[in-house]
Amino acid sequence: MEIFSVRSSQSLLFKNNPNNAKSSKTSDIQIETRAPAPASFQIEDDVGEGPDFTAVSPGELRNYARQSFDSGLIDQNTYAAISEPLPMHAIDPLGNIVDLSSVTDGTSFNFLDYYKNQLQIAMSIGDSDEVQTLKSIVNFLNA
C-alpha cells in the first residue's frame with residue numbers, strides 16, 4: 001500500500017479515475033438569499049428620538065441599553081445598573097412601598113419616573129456612588 005502526499009493527488013491514477021473527473025456543473029448551484037432578520041429593537045439615527053421610557057418593558061429597555069453600550073453612548077456601570085432586574089418592592093421618595101412584583105419582561109413600566117425617584121432617595125441618603133450611577137441612568141433615559 002502506497003501513501004501519497006497531498007501533492008500527488010494530481011497523479012495519473014487520480015486523474016484517470018472516472019469518479020474524480022471534473023464534470024461537476026457549477027451552473028446548477030444556486031444560492032438562496034434570505035431577507036435579513038428584523039431586529040427586535042434598534043436605535044434610530046435621530047439622536048433626540050428614543051423610545052418612550054415612561055411606557056417600555058424591561059426587556060426592551062435592556063435591548064436599547066445594550067445597543068447604546070455597544071455604540072459607546074453609555075458606560076459599563078450604567079449598562080449594568082439598567083440590566084439588573086427590578087426588585088420586588090421599592091420605596092418612593094415619600095417613603096411608601098411600591099409593589100413591583102407584577103412587572104415582567106413583557107409589561108410596560110415607567111422607568112423614567114422609577115429611576116428619578118431612586119435618584120432622589122439616593123441623594124437624600126448621601127450614597128455618592130449610587131447617585132452617580134442613577135444620574136447617568138436618568139440622563140440616558142432623558143436623552
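Helices here are DSSP runs of H or I with at least four residues, strands are runs of E with at least two, and both are numbered from the N terminus. With that in hand, take Phe111 and Tyr115: both sit in helix α4, four residues apart, which is about one turn of the helix. Keep in mind that this is a predicted model. The briefing starts with the overall layout, then moves on to the core, the rings and the pocket.

**Overall layout**
- The protein chain comes to five helices and two strands.
- Reading from the N terminus, the order of elements is α-α-α-β-β-α-α.
- The protein chain has 143 residues, and 24% of them are buried.
- If you look at contacts with a separation of 6 or more, 54% of them in the protein chain come from residues 24 or more positions apart.

**The largest nonpolar core**
- There are 25 residues in the largest nonpolar core, and the ones touching the most other members are Phe53, Leu61, Phe111, Tyr115, Ile137, Phe140 and Leu141.
- Two or more residues of this core come from each of α2 (58-70), α3, α4 and α5.
- Leu61 is one to click on: setting aside residues up to four places away in sequence, Leu61 touches Phe53, Val56, Ile82, Phe111, Tyr115 and Leu141.

- Leu112 belongs to helix α4, and it counts as buried because its relative accessibility is 13%, with the cut-off at under 20%.
- Beyond its neighbours within four places in sequence, Leu112 is in contact with Phe53, Thr54, Leu141 and Asn142.
- Over in helix α3 you'll find Thr78, whose 3% relative accessibility is why it counts as buried.
- Leaving out neighbours within four places in sequence, Thr78 is in contact with Ser136 and Ile137.

**Aromatic rings**
- The structure holds eight aromatic pairs.
- Phe111 and Tyr115 make a stacked pair, at 6.2 Å centre to centre and with 20° between the planes.
- Tyr115 also pairs with Tyr114, but that pair is edge-to-face, with centres 5.0 Å apart and planes at 70°.
- Phe109, Phe111, Tyr114 and Tyr115 come together as one aromatic cluster.
- As for burial, Phe111 and Tyr115 are both buried; Tyr115 counts as such because its relative accessibility is 5%.
- Tyr114 is buried too, with a relative accessible area of 12%.

**The largest pocket**
- The largest pocket holds about 280 Å³ of space.
- Its lining has 18 residues, and those nearest the centre of the pocket are Glu84, Tyr114, Tyr115, Glu130 and Leu134.
- At least two lining residues come from each of α3 (76-83), β1 (89-91), α4 (111-125) and α5 (128-142).
- Sorted by class, the lining has twelve nonpolar, four polar and two charged residues.

Key: Residues numbered from 1 in each chain as written. Predicted model: local features only at pLDDT ≥ 70, side-chain atom pairs only at ≥ 80, totals over all residues. Heavy atoms only, no water. 1 Å grid on protein atoms, 1.4 Å probe; cavity = no way out; pocket = protein on both sides within 12 Å on 5 of 7 lines; lining within 4 Å. Points joined across faces, edges and corners; volume = space filled by probe spheres on them. Nonpolar A, V, L, I, M, F, W, Y, C, P; charged D, E, K, R; others polar. Core = buried A, V, L, I, M, F, W, Y, C linked by side-chain atoms within 4.5 Å. Buried < 20%, exposed > 50% of the residue type's maximum accessible area, 1.4 Å probe, protein only. Contact = heavy atoms within 4.5 Å. Phe/Tyr/Trp six-rings, centres within 6.5 Å; stacked < 30°, edge-to-face > 60°.
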